[in-house]
Amino acid sequence: QSYSNKQVPEGLALYDLSFENDGKTLPIFRNIRVMLSKVIDIIFGGRFSIGKKPVQTLLASSLDSFTDIRRDRQQYFVEEFP
């Protein structure tokens, strides 16, 4: 039972990270901020402590749980993660 309770949030986090907002849109000003943030992430990719690593790189090279990564990237999502 406890294993299942721990793994369900991990699965939800991985799903969210894979499909992002799944067709839902962010409010306009938040959407602009997220687009600018993504551009910075693409250009710098976490180098020089600017921006964040791409999700795929982060998932493959980090020991952080999917839930921690998902919570860290909350600004990119419409729904709050528990």
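Predicted model: local features only at pLDDT ≥ 70, side-chain atom pairs only at ≥ 80, totals over all residues.
Two residues are in contact when heavy atoms of theirs come within 4.5 Å of each other.

**Arg-70 and its partners**

Arg-70 sits in helix α4. Leaving aside neighbours within four places in sequence, Arg-70 is in contact with Ala-13, Asp-16, Leu-17, Phe-77, Glu-79 and Phe-81. Is Arg-70 buried or exposed? Its relative accessible area is 2%, so Arg-70 counts as buried, because buried means under 20%.

One of those contacts deserves a second look. Side chains of opposite charge can pair when their charged atoms come close. Arg-70 and Asp-16 meet through their side chains in a salt bridge, at 3.1 Å from N to O. This pair links distant parts of the chain, since Asp-16 belongs to helix α1 (residues 2-19) and Arg-70 to helix α4, 54 residues apart. Both Arg-70 and Asp-16 are buried.

**The other salt bridge**

How many salt bridges does the structure hold? There are 2. Asp-68 and Arg-71 both lie in helix α4, 3 residues apart, which is about one turn of the helix.

Here is how accessible some of the residues in this report are:

| Residue | Relative accessible area | Class |
|---|---|---|
| Arg-70 | 2% | buried |
| Gln-74 | 15% | buried |
| Asp-68 | 42% | partly exposed |
| Arg-71 | 42% | partly exposed |
| Phe-29 | 70% | exposed |

Gln-74 is found in the segment after α4 (66-72). A polar atom of the Gln-74 side chain lies 3.3 Å from the backbone nitrogen of Phe-81. Setting aside neighbours within four places in sequence, Gln-74 is in contact with Arg-30, Glu-79, Glu-80 and Phe-81.

**Nonpolar residues, inside and out**

Which residues make up the largest nonpolar core? Its 6 residues are Leu-17, Val-34, Leu-58, Ile-69, Tyr-76 and Phe-77. Leu-17 touches Val-55, Leu-59, Phe-66, Ile-69, Arg-70, Arg-73 and Phe-77, not counting residues up to four places away in sequence.

Phe-29 is found in helix α2 (residues 28-44). Why does Phe-29 count as exposed? Its relative accessible area is 70%, and exposed means over 50%.

Note on methods: Residues numbered from 1 in each chain as written. Heavy atoms only, no water. Core = buried A, V, L, I, M, F, W, Y, C linked by side-chain atoms within 4.5 Å. Buried < 20%, exposed > 50% of the residue type's maximum accessible area, 1.4 Å probe, protein only. Helix = DSSP H or I, 4+ residues; strand = E, 2+ residues; numbered from the N terminus. Polar contact = N/O pair within 3.5 Å; in protein donor to acceptor, adjacent residues only side chain to side chain. Salt bridge = Lys/Arg side-chain N within 4 Å of Asp/Glu carboxyl O.
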